[in-house]
Amino acid sequence: MSATTAGGFGGMPRAERLRRLARLQRLSRMMDSAVRIPILGIRFGADSVAGLVPGIGDGFGFLVGLYMVNEARKIGLPGHKLAQMVVNLGLDAALGSVPIAGDVFDVFFKANQRNMALLLDHFEEDRADLAKDITPPRR
């Protein structure tokens, strides 16, 4: 096995898998924890803010989450873990759509970060590895 395919997940080279995981990590951070309230230490993201828009916001968050599930499928995450990701998204969308209480729920239930943790745990990747520059040199 070559160094580029180490890990053997679905035949995808590790460097490509790390690039995709890093992109998903950035997206999950933007959606769930991009902004920190200084004194309280509470973090929230675009999902919480979009959820304030009735009818549209939670749908937006759900669609972004489905994109992440589809990327996880392409990377090679097994079906039962994809199902867990969809359950997390369903809970986020269903409970997040409740007026006022759902907005508070959105701040504390971070479905995208939970899903990202599933991905990283499955592929045995460390978040620090995703921060490294793994872009191949240009020819």
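A salt bridge is a side-chain nitrogen of Lys or Arg within 4 Å of a carboxyl oxygen of Asp or Glu, and a search of the whole structure finds five of them. The model is a predicted one, in which local features need pLDDT of at least 70 and side-chain atom pairs count only at pLDDT 80 or more, while totals for chains, interfaces and linings use all residues. Residues are numbered from 1 along each chain as its sequence is written, and side-chain values use heavy atoms, with hydrogens and water left out.

**Figure 1. Overview of the chain.** The chain holds seven helices and two strands, where helices (H or I, at least four residues) and strands (E, at least two) are DSSP runs numbered from the N terminus. Along the sequence these elements follow the pattern α-β-β-α-α-α-α-α-α. Of the 139 residues, 40% count as buried, a word that means under 20% relative accessible area, with exposed meaning over 50% and partly exposed in between (1.4 Å probe, protein chains only). The accessible surface of the chain comes to about 8000 Å², of which 64% belongs to carbon and sulfur atoms; such areas come from the Shrake-Rupley method with a 1.4 Å probe, and for residues only the protein chains shown count as cover. Among contacts (heavy atoms within 4.5 Å) between residues at least 6 apart in sequence, 58% join residues at least 24 apart.

**Figure 2. Helix α1 and its buried residues.** Helix α1 has 19 residues and reaches 26 Å from its first C-alpha to its last, close to the 27 Å expected at 1.5 Å a residue, the expected span being 1.5 Å times one less than the number of residues. Its buried residues are Arg17, Leu18, Arg20, Leu21, Ala22, Leu24, Gln25, Leu27, Ser28, Met31 and Asp32.

Figure 3. Side chains of opposite charge can pair when their charged atoms come close. The side chain of Glu16 meets that of Arg19 in a salt bridge (3.3 Å, N to O), and it also meets the side chain of Arg20 in another (2.8 Å, N to O). Arg19 and Glu16 are three residues apart in helix α1 and therefore separated by about one helical turn, while Arg20 and Glu16 lie four residues apart in this helix, again about one turn. An α-helix has 3.6 residues a turn, so residues three or four places apart point the same way. Arg19 is partly exposed, with a relative accessible area of 29%, and Glu16 is partly exposed at 25%, whereas Arg20 is buried at 18%.

**Figure 4. The pair between helices α1 and α3.** Which residue meets Arg23 in a salt bridge? The partner is Glu71, at 3.3 Å from N to O. Glu71 lies in helix α3 (residues 57–75) and Arg23 in helix α1, so the pair ties together parts that are 48 residues apart in sequence. Glu71 is buried, with a relative accessible area of 5%, and Arg23 is partly exposed, at 37%. Through salt bridges that share partners, Glu16, Arg19, Arg20, Arg23, Glu71 and Lys74 are joined into one network.

Figure 5. Asp32 belongs to helix α1 (residues 14–32). Leaving aside neighbours within four places in sequence, Asp32 is in contact with Arg43, Phe44, Gly45, Asp47, Lys110, Ala111, Asn112 and Gln113.

**Figure 6. Helix α6 and the residue that follows.** Helix α6 (residues 111–122) has 12 residues and reaches 17 Å from its first C-alpha to its last, close to the 16 Å expected at 1.5 Å a residue. Among its buried residues are Ala111, Asn112, Asn115 and Met116, and also Leu118, Leu119, Leu120 and His122. The helix is followed by Glu124, whose phi is positive, near 55 degrees.

**Figure 7. Ile100 in a loop.** Ile100 lies in the loop between α4 (79–96) and α5 (101–108). Although it is not a glycine, Ile100 has a positive phi of about 60 degrees; most residues other than glycine have a negative phi. At 67% relative accessibility, Ile100 counts as exposed.
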